[in-house]
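Thanks for coming, everyone. I've got one structure to walk through today, so let me put it up and we'll go piece by piece.

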Amino acid sequence: TPPRDVTPSDWVEIKGGDLEEVKPLMELVISLYWVGVWSREEMLGLLGSVGNGTVTSLPEAAHSRFAIKYGFYLKTEEGAVMFTSEVQLLLRYLNYCSVFLEVDGVLSPLTSRALLTFQRDQNNGEDYVEKLPETGILCKSTYNRLKDVFRTIIRDLKQLGYQLGFNPLLAQNVDKMTQLISRIQENFKIGLYVKGSFCEKTRSAIYRNLYDIPELV
């Protein structure tokens, strides 16, 4: 597992410069290092260049390497933010991150720990044959599994008559999605549950209602 010992604030303090001006790009550089777009040495060199002002945008190599790894291009720095925000939203909806976690588009150590928990839970389950690497690092198989688990829940909800009418994987719709999940939890009269997320109790209730399975008491 690559070390998580470099922060934008630390690097700017070492290199000098305006933190607020360069911090967003530094966060993207570090996030893309954590998902394996470049090596630690490449990341440190790039951070130094961002800090002294010689680099002001993501290199083209980031887009092509990301495309090879995940199957689509970032194209813009906003694309990187949207991608990492989507990952945070998936973890949040699936109860691997707190509903109070800020969706900021940065794959932080907290997000990494959530990914590791998700990977371990998936490997301990029986729904999938393929095992995920238990690294806490976002790889293509983990990313696809996150989306597949979430899509399965949404598919089941649609069969139960719940229509979203919006894209839940856009950060601006997180409140709408949280409210919808809370309404579903109230409608199903679940006992103890994590409000606003598809926790284990909520997912079990969705499954029982979909297939008309009585709850065991």
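Let's start at Ser-182: setting aside residues up to four places away in sequence, Ser-182 touches Lys-195 and Gly-196. Before I go on, keep in mind that this is a predicted model. So where does Ser-182 sit? It's in helix 8. Buried or exposed, then, for Ser-182? With a relative accessibility of 9%, Ser-182 falls under the 20% cut-off, so it counts as buried.

Gln-185 comes out at 1% relative accessibility, so that's another buried one. What does the side chain of Gln-185 reach at 3.0 Å? That would be the backbone nitrogen of Gly-196. A polar atom of the Gln-185 side chain also lies 2.9 Å from the backbone oxygen of Val-194. And if you leave out neighbours within four places in sequence, the contacts of Gln-185 are Ile-190, Tyr-193, Val-194, Lys-195, Gly-196, Ser-197, Cys-199 and Thr-202. Notice Gly-196 and Lys-195 in there; Ser-182 touches those as well.

Lys-189 isn't a glycine, yet its phi is positive, about 50 degrees. You'll find Lys-189 in the loop between helix 8, residues 174-187, and helix 9, residues 200-211. Lys-189 has 72% relative accessibility, so it counts as exposed.

There's another non-glycine with a positive phi: Asn-95, at about 70 degrees. Asn-95 belongs to the loop between helix 5, which is 77-93, and helix 6. At a relative accessible area of 33%, Asn-95 is partly exposed.

That brings us to helix packing. Two packed helices get described by the angle between their axes and the distance between those axes. Here, helix 6 (residues 109-124) and helix 7 (residues 140-159) pack at about 75 degrees, and their axes are 11 Å apart. Anything from 65 to 115 degrees counts as roughly perpendicular, so that's what we call helix 6 and helix 7. Which residues make the contact? On helix 6, they're Leu-115, Phe-118, Gln-119 and Gln-122, and on helix 7, Thr-142, Arg-145, Leu-146 and Val-149. Sort the residues of that contact by type and you get four nonpolar, three polar and one charged.

That's my tour, happy to take questions.

Key. Residues are numbered from 1 along each chain as its sequence is written. This is a predicted model: local features need pLDDT of at least 70, side-chain atom pairs count only at pLDDT 80 or more; totals for chains, interfaces and linings use all residues. Side-chain values use heavy atoms; hydrogens and water are left out. Axes are lines fitted to C-alpha atoms, for helices over the stretch in contact, and angles run from 0 to 180 degrees between N-to-C directions. Helices (H or I, at least four residues) and strands (E, at least two) are DSSP runs, numbered from the N terminus. Angles under 35 degrees count as roughly parallel, over 145 as roughly antiparallel, 65 to 115 as roughly perpendicular and the rest as oblique. Contact means heavy atoms within 4.5 Å. Ala, Val, Leu, Ile, Met, Phe, Trp, Tyr, Cys and Pro count as nonpolar, Asp, Glu, Lys and Arg as charged, and the others, Gly among them, as polar. Buried means under 20% relative accessible area, exposed over 50%, partly exposed in between (1.4 Å probe, protein chains only). A polar contact is a pair of N or O atoms within 3.5 Å; within protein, one must be able to donate a hydrogen and the other to accept it, and residues adjacent in sequence count only if both atoms are side-chain atoms.
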